[in-house]
Amino acid sequence: MANARDTIYVETRVPLKEVMRGSPTTIEAEATVAKAAARMCRSEVGSCIVLSGNVPIGIVTEQDMNCKVVARDLKPSSIYVREIMSTPLITIDSERTVGEAAQMMIRHRVRRLPVVENGKVTGIVTVRDLLSVANELNEIMSDLIVINREENYSMGVCDRCGKMSDSLVTMDAMMLCNDCREEERLR
């Protein structure tokens, strides 16, 4: 039987390439914050990788814009991305795993990691991306546990429909017959 430590091992060995989003949104360092905000809105993302030429030098996030521009009542069209970006840019190699990305996020206290391959940014991974993988794997593990568990059947009256049954099984603290269990699974 797998324990929690085994489950964590399975989750963290997922290759980063499998969960990263390709082609991250980018912006030139000399662009205005207003232009970066428009690009983020158009791409429906919360950050832009900041480039100087084609070289990634930083990242600008919604939080950078809120705290460094909006909260100071500055005009976004008069502030340049290079003035508010977070730098140095913390990146992770595309050959790393979800677990290594999570550890790096914790160590550097960041929520987004640009993914690099041969020195070029090819994707981005966020805390939300990592959590969705963990949740999906946890659901699969729960289903596997359910189908591999020996079910003990009892005789009696179903707590949901009130019918007599010789195959009652406890589900969500209720004794349910086959029909009611099937209805519960379909929900």
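## The open sheet

In this predicted model, four strands line up as an open sheet in the order β1-β7-β6-β5, with mixed pairing. Strands here are DSSP runs of E with at least two residues, helices are runs of H or I with at least four, and both are numbered from the N terminus. Two strands pair if DSSP finds at least two bridges between them. In general, strands of a sheet pair through backbone hydrogen bonds, either parallel or antiparallel.

At the edges sit β1 (21-22) and β5 (92-93), each pairing on one side only. β5 runs parallel to β6 (residues 112-117), and two bridges join the pair. I92 has V115 in β6 as its bridge partner.

Helix α5 (residues 98-108) lies across β5, β6 and β7 (120-126), at about 130° to β6. That angle, on a scale from 0 to 180 degrees, is between the N-to-C directions of lines fitted to C-alpha atoms, for helices over the stretch in contact.

## Two nonpolar cores

A nonpolar core is a set of buried Ala, Val, Leu, Ile, Met, Phe, Trp, Tyr and Cys residues joined through side-chain atoms within 4.5 Å. Buried means under 20% relative accessible area, with a 1.4 Å probe and protein chains only. The largest core has 15 residues, and I27, V50, V60, M65, V81 and I84 have the most contacts inside it. Two or more residues come from each of α2 (33-43), β3 (47-52), α3 (62-70) and α4 (81-84). α2 gives the most, with three.

Which residues does V60 touch, leaving aside neighbours within four places in sequence? Among them are I27, A36, M40, C48, V50, M65, V81, I84 and M85, where contact means heavy atoms within 4.5 Å. There is also a second, separate core of 14 residues, including V14, V19, M20 and V98.

## The largest pocket

The largest pocket has a volume of about 370 Å³. It is lined by 16 residues, and R21, V45, G46, R112 and T126 lie nearest its centre. β1, β3, β7 and α6 (127-148) each give two or more residues to this lining.

## The whole chain

Overall, the protein chain has seven helices and 10 strands. Of its 187 residues, 35% count as buried.

## How to read the values

Residues are numbered from 1 along each chain as its sequence is written, and side-chain values use heavy atoms, leaving out hydrogens and water. As this is a predicted model, local features need pLDDT of at least 70 and side-chain atom pairs count only at pLDDT 80 or more, while totals for chains, interfaces and linings use all residues.

Conventions. Buried means under 20% relative accessible area, exposed over 50%, partly exposed in between (1.4 Å probe, protein chains only). On a 1 Å grid over the protein atoms alone, a cavity is a set of points where a 1.4 Å probe fits but cannot get out, and a pocket is an open set with protein on both sides within 12 Å along at least five of seven lines; lining residues have an atom within 4 Å of a point. Grid points are joined across faces, edges and corners, and a volume is the space filled by probe spheres set on the points.
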